[in-house]
Amino acid sequence: MSQLDLTGCKKRKRGDRVFRFKTFGEKGYPAEFKGSFRENVVALLEFGHLESNMSCGMLCWSFQLELHRHPPAHILLFVVEEPIEASTHRHCNHCKYVGWGHHMICNRKYHFVVPSRETEAVFGHDSNYEGPDSRKGERSIVGVEGHAMHGVIHSNGFGHLLCVNGLEMGSDLAGRHIMDFWDRLCTSLRARKVSIYDISQKKGMDLRLLHGVAYSKPWFGRWGYGFGRGSFGVTQPMYQKAIDAIQGMPLCLLIHHLGSSNHDIPLIFSRYQTLSDHSLVTVGNLFHFMLELKSRLPKETCLDSYNPGISVETTCRWSPKRVEMAARVIVEALRRAEFRWVSRQEVRDAARAYIGDTGLLDFVLKSLGNHIVGNYLVRRSLNPVTKVLEYCLEDISTVFPSDEGLVMNDSKLKARYKITRIQLMKDMFYLYKNILKEQKQTVATGIFSTIPVAARVILDTKYLIKEYCGGQPLEVKVGLKLYCTVVSRNNDEDDDGIEKALPPFECIIFKDNSTVNELKLEVERNFREIYWGLRSFCVESIVNLNAKGSDLVFGLVEAGSELLFEGNDSKVGINNEGIYESGHNNCTVDCPCGAKDDDGERMISCDICEVWQHTRCAQIPNNEEIPHIFLCNQCEQEIILFPSLP
């Protein structure tokens, strides 16, 4: 059942309340969240619009988010509460693969979905939509693939970002804007830890490899996501050594080694060394510079394609000096507008304070459009809504920060700007393919043989994790804050087994006059509310606190202390493997790569010993089917050495 009181909830149109996308989730907007994740998400949903017929009987709320007012553009955020009773998959494979399989199954999880244009069309803008692709009672927005964003967070605060699809995948938002939004949500709602399965690509290049070499971290690292768990036995030290090995590869050695067989790579090296104000010594330096340069270049073709100024014909009634002065006045007016789009009339009115000749202003405004004036590129566009011409500035002095001022008539300087985004991406892909990803046999020799091995290690690091608040609520001025967890009285296993059964500590706030018995009841209530396997759990004692039930908690323990509560569950024992995210896992994994657990990669089991290993480690390509009969190397050797019968 939902924790929300829906008796007073009134159906209304989504357009009744609109939130700003760029600030949604910032401190205090739409509310001040001070509790744990499960408390904060309930507070958030009070601001949402309760939908109907969206998620197969699960409660669903929508939030209308404004991208920008001019021109008007909006997106929808759906939050779906999935109780365990309505879940088709009780166990979470994402938790299992990322290393959280020992966590207990939660009573609820919350899906945060921003549909793309395609997925939103499946449900329509009307919540009661029933088109040809819908089957009433069976459609669920959380079961559709291809959303712009889809994340899920369990009620204990551990979650997973399942997908991010930016502009290249048909979204109205760039990937970085989606990540900014998701990061704000997780921070404000006080999620504990969030994982990402990173298989993101750009123009055929794996971003975890490209950004790992350039920045020592994956693309998601700019939001604080780092190594979580590697596949194929990859550990964090292995991952870091792999990055260091490729980053530190000297370019001079590569040029010397490749120069005779590949003439394009030395030319590319030379091109970007010329553009750089600093020496590009290593492979890491080169890719870092190329990515930084890409972020500064205009999105259109290249700066050389723009006009360096307004061409003044000999028959023009105004001198070139007056035209240039008027252009600079207009640019100054646009600069004061803080680089936002400004209508033609607004620009004209602001410039008239300095230039009284309206004919000159009209001429310059008509002529300006993708022209460069000083350090700025003047853009002109017709607003599709108001049908009014608008102007905006783009600062191009940051393309090469070392340049003081931009004189576009300088032929040497203009030559530096002739590199285009398209050319840069072609060069980057060529280097990526021939150095990082698909080295030829003649290249992968000697010290260069470490590159494909290190690249494979980086690519096998797909599970990233960010720790947000660790489950701790904001500072409280009233009450006693304690960190509590529970263990079963029937657990008589060794210490390691007990640790595995412990749920994460929950921060619980008590009144100063609470007794030990009230403390037990509050802990019991909280853990029953969070975990499905503890729904009838009863606290009997506190392992690390010797006190009577009538004693006051205040004075017995210090604020911030960790307490372990012992109890029993009469219905489902805490040792029942079915209540953990990993489920009933009786399989043994022992792969030559070192993996001892299921990491989500394709596996095969030996038909004799029934031990599992990766198909890749067993030399079975991913494009081939798994054989019907398979023997591991150990069993195969034992059969060969087994004495034949007479």
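This briefing walks through the main features of the protein shown above, from its overall make-up to a few local details. The model is predicted, so local features need pLDDT of at least 70 and side-chain atom pairs count only at pLDDT 80 or more, while totals for chains, interfaces and linings use all residues. Residues are numbered from 1 along each chain as its sequence is written, and side-chain values use heavy atoms, with hydrogens and water left out.

**Overall make-up**

- The protein holds 18 helices and 23 strands; these are DSSP runs numbered from the N terminus, with helices being H or I of at least four residues and strands being E of at least two.
- Of the 646 residues, 49% are buried (buried means under 20% relative accessible area, exposed over 50%, and partly exposed in between, with a 1.4 Å probe and protein chains only).
- Among contacts with a separation of 6 or more, 68% are between residues 24 or more positions apart; a contact means heavy atoms within 4.5 Å.
- The accessible surface is about 33,100 Å², and carbon and sulfur atoms contribute 50% of this area (areas come from the Shrake-Rupley method with a 1.4 Å probe; for residues, only the protein chains shown count as cover).

**Cysteines**

- A search of the whole structure turns up zero disulfides, a disulfide being a pair of cysteine sulfur atoms within 2.5 Å.
- For Cys507, the closest cysteine sulfur belongs to Cys484 and is 8.2 Å away, which is too far for a bond.
- Cys507 is buried, at 13% relative accessible area, and Cys186 is buried as well, at 1%.

**A three-stranded sheet**

- Three strands make an open sheet of mixed pairing, in the order β21-β23-β22; strands pair if DSSP finds at least two bridges between them.
- The edges are β21 (588-589) and β22 (603-605), and each has a single partner strand, so one side of each lacks a neighbour in the sheet.
- β21 and β23 (residues 611-614) run parallel and are joined by two bridges.
- Val589 has Trp612 of β23 as its bridge partner.

**Aromatic rings and charges**

- There are 17 aromatic pairs, counted when rings of Phe, Tyr and Trp (its six-membered ring) have centres within 6.5 Å; planes under 30 degrees apart are stacked, over 60 edge-to-face and the rest tilted.
- Phe112 and Trp182 form an edge-to-face pair, because their ring planes stand at 70 degrees, with the centres 6.3 Å apart.
- This pair links distant parts of the chain, 70 residues apart: Phe112 is in strand β5 (residues 108-114) and Trp182 in helix α4 (residues 175-189).
- Phe112 is buried at 1% relative accessible area, and Trp182 is buried at 1% too.
- One aromatic cluster is formed by Phe19, Phe21, Phe24, Tyr29, Phe63 and Phe181.
- Arg90 places its charged end over the ring of Trp532, 4.4 Å from the centre; this label applies if NZ of Lys or CZ of Arg is within 6 Å of the ring centre and within 35 degrees of the ring normal.
- The charged end of Arg616 likewise sits over the ring of Phe232, at 3.6 Å from its centre.

**A mostly covered helix**

- In helix α5 (residues 207-215), eight of the nine residues are buried.
- Those buried residues are Leu207, Arg208, Leu209, Leu210, His211, Gly212, Val213 and Ala214.
- Their cover includes the strands β9 (201-202) and β10 (205-206), along with the helices α6 (236-247), α9 (283-296), α14 (421-437) and α15 (450-459).
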